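Here are my notes on the model you sent. Please read them with the structure open beside you.

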Amino acid sequence: ELMAKKDAHHAQEMEQMKAEADASRLELESALEQHRGRLADVTRSNASLENALEEARAAALEREEQSESKDDGSVQALRERIEQQEVELEHLRVALRDVTEERDTVRA
């Protein structure tokens, strides 16, 4: 009878440890999915910003070619916009790197 109680207690402990491990695994999987979502969001934002940057560059180049002799400030404004978008792009790249590092940490 004592052995039966010990076996039952041991079985109960094993079930509890299994439940805790399953809960931990589910928590990690959830965190990984959240990081994947953030990574996808940052990737989309990054692509969108890169497209906008390319459009601004093309527009600036076209305007500069059209009015090389008369700089009415609009080319400068476009250059400033491009610089601002390049800064934003760098921020997104940093965010993308951070999310990727977090995802790799969660996977590890």
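1. First, a cut-off. Buried means under 20% relative accessible area, exposed means over 50%, and partly exposed is in between. Arg-79 has a relative accessibility of 33%, so this residue counts as partly exposed. Arg-79 lies in helix α2. Keep in mind that this is a predicted model.

2. Now the helix pair. Helix α1 covers residues 2-66, and helix α2 covers residues 74-107. Their axes are 8 Å apart and meet at an angle of about 160°. Angles over 145 degrees count as roughly antiparallel, and α1 and α2 are therefore roughly antiparallel to each other. The crossing of α1 past α2 is left-handed.

3. What does the contact of α1 with α2 have, by class? There are 20 nonpolar residues, 13 charged residues and seven polar residues.

4. Next, the core. The largest nonpolar core has seven residues. They are Leu-49, Leu-53, Ala-56, Ala-60, Leu-78, Ile-82 and Leu-89. Both helices take part: α1 and α2 each supply at least two residues of this core. The largest share, four residues, comes from α1.

5. Ala-60 is one of the residues of that core. Setting aside residues up to four places away in sequence, Ala-60 touches Leu-78 and Ile-82. Leu-78 and Ile-82 are also on the list of core residues.

6. Asn-46 is found in helix α1. Not counting residues up to four places away in sequence, Asn-46 touches Leu-89, Leu-92, Arg-93 and Leu-96. Among them, Leu-89 belongs to the largest nonpolar core.

7. Gln-85 lies in helix α2. With 10% relative accessibility, Gln-85 counts as buried. Which residues does Gln-85 contact, leaving aside neighbours within four places in sequence? They are Leu-49, Ala-52, Leu-53 and Ala-56. Of these, Leu-49, Leu-53 and Ala-56 are listed in the largest nonpolar core.

8. Last, a distance to check on screen. Arg-79 and His-35 are 44 residues apart along the chain. Their C-alpha atoms are separated by 35 Å.

Technical notes:
Residues are numbered from 1 along each chain as its sequence is written. This is a predicted model: local features need pLDDT of at least 70, side-chain atom pairs count only at pLDDT 80 or more; totals for chains, interfaces and linings use all residues. Side-chain values use heavy atoms; hydrogens and water are left out. Axes are lines fitted to C-alpha atoms, for helices over the stretch in contact, and angles run from 0 to 180 degrees between N-to-C directions. Angles under 35 degrees count as roughly parallel, over 145 as roughly antiparallel, 65 to 115 as roughly perpendicular and the rest as oblique. A crossing is left-handed if the near helix is turned anticlockwise from the far one by less than a right angle, and right-handed if clockwise. Ala, Val, Leu, Ile, Met, Phe, Trp, Tyr, Cys and Pro count as nonpolar, Asp, Glu, Lys and Arg as charged, and the others, Gly among them, as polar. A nonpolar core is a set of buried Ala, Val, Leu, Ile, Met, Phe, Trp, Tyr and Cys residues joined through side-chain atoms within 4.5 Å. Buried means under 20% relative accessible area, exposed over 50%, partly exposed in between (1.4 Å probe, protein chains only). Contact means heavy atoms within 4.5 Å.
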